[in-house]
Protein chains: 6
Amino acid sequence: MQKLPETAVEYERIDGRKKDELRPITITRNFIRNAEGSVLIEMGNTKVICTAMVEEKVPHFLKGQKQGWITAEYEMLPGSTNTRKSRDRNRGKIDGRTMEIQRLIGRSLRSVMDLKKLGERTLWIDCDVIQADGGTRTAAITGAFIALHDALSGLLEKGVIKEMPITNFVAATSVGIHQGEIIMDLCYEEDSSAEVDMNMVMTEDGEIIEIQGTGEERPFKKEELQKLLILGEAGIKELIAFQKEKLSI
Amino acid sequence: MQKLPETAVEYERIDGRKKDELRPITITRNFIRNAEGSVLIEMGNTKVICTAMVEEKVPHFLKGQKQGWITAEYEMLPGSTNTRKSRDRNRGKIDGRTMEIQRLIGRSLRSVMDLKKLGERTLWIDCDVIQADGGTRTAAITGAFIALHDALSGLLEKGVIKEMPITNFVAATSVGIHQGEIIMDLCYEEDSSAEVDMNMVMTEDGEIIEIQGTGEERPFKKEELQKLLILGEAGIKELIAFQKEKLSI
Amino acid sequence: MQKLPETAVEYERIDGRKKDELRPITITRNFIRNAEGSVLIEMGNTKVICTAMVEEKVPHFLKGQKQGWITAEYEMLPGSTNTRKSRDRNRGKIDGRTMEIQRLIGRSLRSVMDLKKLGERTLWIDCDVIQADGGTRTAAITGAFIALHDALSGLLEKGVIKEMPITNFVAATSVGIHQGEIIMDLCYEEDSSAEVDMNMVMTEDGEIIEIQGTGEERPFKKEELQKLLILGEAGIKELIAFQKEKLSI
Amino acid sequence: MQKLPETAVEYERIDGRKKDELRPITITRNFIRNAEGSVLIEMGNTKVICTAMVEEKVPHFLKGQKQGWITAEYEMLPGSTNTRKSRDRNRGKIDGRTMEIQRLIGRSLRSVMDLKKLGERTLWIDCDVIQADGGTRTAAITGAFIALHDALSGLLEKGVIKEMPITNFVAATSVGIHQGEIIMDLCYEEDSSAEVDMNMVMTEDGEIIEIQGTGEERPFKKEELQKLLILGEAGIKELIAFQKEKLSI
Amino acid sequence: MQKLPETAVEYERIDGRKKDELRPITITRNFIRNAEGSVLIEMGNTKVICTAMVEEKVPHFLKGQKQGWITAEYEMLPGSTNTRKSRDRNRGKIDGRTMEIQRLIGRSLRSVMDLKKLGERTLWIDCDVIQADGGTRTAAITGAFIALHDALSGLLEKGVIKEMPITNFVAATSVGIHQGEIIMDLCYEEDSSAEVDMNMVMTEDGEIIEIQGTGEERPFKKEELQKLLILGEAGIKELIAFQKEKLSI
Amino acid sequence: MQKLPETAVEYERIDGRKKDELRPITITRNFIRNAEGSVLIEMGNTKVICTAMVEEKVPHFLKGQKQGWITAEYEMLPGSTNTRKSRDRNRGKIDGRTMEIQRLIGRSLRSVMDLKKLGERTLWIDCDVIQADGGTRTAAITGAFIALHDALSGLLEKGVIKEMPITNFVAATSVGIHQGEIIMDLCYEEDSSAEVDMNMVMTEDGEIIEIQGTGEERPFKKEELQKLLILGEAGIKELIAFQKEKLSI
């Protein structure tokens, strides 16, 4: 893909980053000892615990289909946001945004899995945000992939599965338009005043798993979409390189 | 946008349509007499009742902000699907897919509204699917826009509001990749076996309000995305032309 | 039964009807193509979609009893009433009135069925009110009977069942006392200011399946009850004649 | 009303009663010291605790209307039935039958009240069945009337209200057809095999507040309805006589 | 255990009791005829109905373990308190205090049972408070033990079980510190202004099953704890003597 | 308090600790930047995030009382346990054990607060267990105290409150009887096979805030209780010394 044009001098990001710059990323593997795979991922001030746990059964609708399943759940801890976020359990229903996000995480991970190779078992992915500063869903996908990889490597070592079911690397980032500028990996303050917000989930080969773009403040032009796509792909490539380094692959 | 290339001879759609052809569309205005705006929209066998009703207050988070709000709800009647769909109320929680859809409808309509001009009132948009054959969310958006327009015209006539708050036309369609072919406006059978499914919401000028593309069966290439975008825009232009005709604008 | 006495000149019904006159009735069969039986019934401005769908199992309490079951659900669409009716699913519990009505519909239909002849399957009856103007529960029963009949005729044709399980026709109407006058088939405005409101469900032979009379504003005399019974029976006979015509029986 | 004909020799009721005989009735006033009015009513083996408590506000829909309200709740204790009845709270929703019953109790009591004289306050009526043997809803009405009367007498004495808001006595009974016989006040075993079941709520003058008749096993004839009405009225007159004796009125 | 020192002259309990005096206790066996065991226990003005019912299966987590289970539920009737207590079912969730209490009752009874001897069945203990004046949880335990004993004696007589599974007597009381004084069996008024509140559950031999002490108003000293323990044991011995008398053991 | 007697040679704890030895403890302050106070507390393998957040209002029952409140919530992340713990929000109700624990945390912290000095505001304490190995509730109390202290110090610095409302230090530990031995600070494996389990919450002066002892497997003797009390006090003193060191007080 072509290089992005130089950015104008006068636009400054709140945290001093360049427009096409990701936040500093840290991934701590084996963060929780009880889960088969677990990761603490930090993208700047966004911190998410991702765990992958194995259950030896599949959901009802897959019984007897000789394949596995991946179910993801996402939640924000009450202290993760500036104003305390009240727990979903107290309202007795799950927040619409939470639903959307956990469905996205599940779809993204399933799309790089050969579920037949998993056998009749479920991998539960839990993404719990302990500190939120924008981009929690994309950090969750990027981190959960590592937790999933670790859990599956464990199953492979123990001989529970014969072949690695993962078919591709996957990572995600947000891109957006903020004060007319196309920027990478929005932090909360940028995100909440962005005109356009787009989440992208892609494979190592730059193929698209999921793309969700929203004109929050105004509709956006096709040309802007093209620029967002280019920027997003660049960010995801960087993230996947980082994942590979972490997994020493 | 450029014209689509001719389609190959050997691919046949289940209902005989051309690959770039929308299903027959019908919009019946004033379908329900109790609602300020109401529409029955039919896209082929998909039928959705869309109503717009006015409530003279805003949600808690907007109190005193001198602006209005639009809230959308979506539901499928139990008889709308081949296998009876059990009611959400019986499970005591709303289906994740339902949540996603009604949030999409709300965002789409709000993005073509000047909410200040609405004043401190809420427009409730209800989209109830009475017969489902794929594309219910995009039909809901396309139909709800008319119901919304009718409700607002009513408020304008009565002098409740001074100016029309609608800033742009909006319609939506799905496009996808099915057996390797890029096709328009998928019916249920196509949708459930599609490799890629993308919902687009656009304005009259071809600007993007929302784009959601998912590689259901496999990741998809950037070139495929480009073709999907072109096809979707063509469909939406056709839908907006139809909306205008219906509203005699 | 004896004829009703002439009505006094000075009492006028809001919609110009005679005191013993039903509202215009329309029944559209096969309204929803996904359901085995489906009907749009209109009684004046009251409009209800009734569907009948077959499920090849019975509720837990009937397992192994070699008989079938009929379960009815009733709901009002948010746009069906003048002031938007909020969805039950959002409160996480079903409205008491809704409960009462759907239990009444289920009982009424079961009472004209030989459930043994149905075999171990459930017929789900869904009555969704899309426009409400009084008498929704009685319209639901009258319409649901046709949907049920159509669904069962389908099962009979396909040889799934050997004999028609329906043993009798059933229809329902409301009668009431309004400003001291005994009137038939109350519309919403009449109903909300009636002194006495009575719902009757009867068979073709004028036998009673269900009778529910309430002194909303005052207790009522036994003589008034007698007059209400005579009027209700006359209305139901008319409705059953209409049902037969529709089914060409 | 005319006297009932002699009953045939060969039909015997399970508990040896005559066909037109009520079960032995006991009413213990001031059963619970914390409630303004409270009663333990026993009809044979059916035992219900009825309390009436005053709250100094009205439901939202009555604010500022200068009138009061009566709300009734009904519940069966887990040990009240032969097979333990699981608590509604554990299922997170109220049983349909429970809903029907508590709405009936509330309507019945409101219909003999001048709610203006009550002032802007709510009387909460709670009917908790501690032992069930049929006829719990009618016993609840008959007993709750006494609890209500006691609570209102207390308010009157304290000068909280100026006039007694009760306008009439009210009691209730069930009548039914069992093995072809018209019988009074069905116990559980009779009720569960009855062909027709009818609940009647009446005033002292024999006027009807509520009548609910159901052909459980078969539709019933108009002549049968007439006989049920006569029998029910006789029972209720007896019950009201008993109430008066208890209240020394 | 040593005798308690004489109490100071100037402290007077609200109901005139001595500091180390239990309230008058009454236990009525076979209070509800439908339950296998049932008791009305009265401790002063606190009145609780306790039932024990047998279900011929065990909870999921015990399937195939060849042992039984005891599950306890606790609820307060709306009229049991001075200000009406709204039903848990209406809020769709169980009160935290209720949860705590019913778990305590279940644990207490299970600790004196050999669950193997019970076989694969569940004993449901229901404690419904009909009048509350403090100490409802301890009265519930003391009364439920008798209901449990009666239910098990019934199973033994019928030969359903071979040996009595009860291994020990159990009773409970509250003790506390009120205005600096150590007192027995607090009534509601004492309890709500107590500095320290402690619930004790003990066996006949003075062994501890459960002890829960809370410094409501202030932390309490170890010496105070010792005095509370001595007093509580004395009360429980008295209660167990009363239980034995009731059971003629 | 007197020293504990030497332990027998042959009993070995699963993790090699002495019977009276706490697990290694770590407290990381300012763990989450969005909360006014936040701590990661680790007791061996048990890890809990505790946050304290300020809300400028009080619960309904305290309005206008010129005092503040502390509300605590507790939850275990799904990956915190060996077998994945399903989220409470999915069952639509809070686990009984969770309720008990969060009520305990709230009471414990309130008992060392002068709520008048807090003013009309609420401190929300959230304790989220990210890794569980026994003693999560006691770790939560010990850690939450530091988070609370930090949040209040912040309010004091900003001048929002005039005086520190904390009146005393508080910490908690579990003690128990395992294979007949009295041991300190049980890990999960010890806890799940303990005969007796006791949680203690105490102040710096060795005064008792809360004591909860349960004979899980058998009742326990008064002498055993005395030994447990001595051991628990020793542990809590050690914990409070550690808290002081952390806060440099």
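Reader: Ground rules first.

Author: This is a predicted model: local features need pLDDT of at least 70, side-chain atom pairs count only at pLDDT 80 or more, and totals for chains, interfaces and linings use all residues. Residues are numbered from 1 along each chain as its sequence is written, chains are lettered from A and ligands numbered from 1 in the order in which they are written, and side-chain values use heavy atoms, with hydrogens and water left out.

Reader: OK. How many residues of chain A are in contact with chain F?

Author: 36 residues of chain A, facing 36 residues of chain F. Contact means heavy atoms within 4.5 Å.

Reader: And how much area do those two bury?

Author: About 3100 Å² between them, with 45% of it on carbon and sulfur atoms. Buried area is the accessible area (1.4 Å probe) that two parts lose on being put together, summed over both.

Reader: Which residues of chain A lose the most?

Author: Asn34(A), Arg84(A) and Arg89(A). Together they make up 24% of what the chain A side buries.

Reader: How many salt bridges across that interface?

Author: The rule finds 18 between chain A and chain F. It asks for a side-chain nitrogen of Lys or Arg within 4 Å of a carboxyl oxygen of Asp or Glu. Arg89(A) forms a salt bridge with Asp88(F), at 3.7 Å from N to O.

Reader: Which elements of chain A touch chain F?

Author: Those giving two or more residues are strands S3 (46-55), S4 (69-76) and S5 (122-131), plus helices H1 (88-91) and H2 (96-110), of chain A. Helices (H or I, at least four residues) and strands (E, at least two) are DSSP runs, numbered from the N terminus. S5(A) gives the largest share, six residues.

Reader: What about chain A and chain D?

Author: No contact joins them, and their closest C-alpha atoms lie 10 Å apart. Chain C and chain F have no contact either, with closest C-alpha atoms 10 Å apart.

Reader: Switching to chain D. How far apart are the ends of helix H6?

Author: The end C-alpha atoms of H6(D), residues 222-247, are 37 Å apart. Its 26 residues should span 38 Å, so that agrees. The expected span is 1.5 Å times one less than the number of residues.

Reader: What comes just after H6(D)?

Author: Ser248(D), with a positive phi of about 55°.

Reader: Last one. Where does Thr71(E) lie, and what does it touch?

Author: Thr71(E) is in strand S4 (residues 69-76) of chain E. Thr71(E) touches Thr122(E), Leu123(E), Trp124(E) and Ile125(E), not counting residues up to four places away in sequence. Its C-alpha is 16 Å from that of Thr142(E), 71 residues away along the chain.
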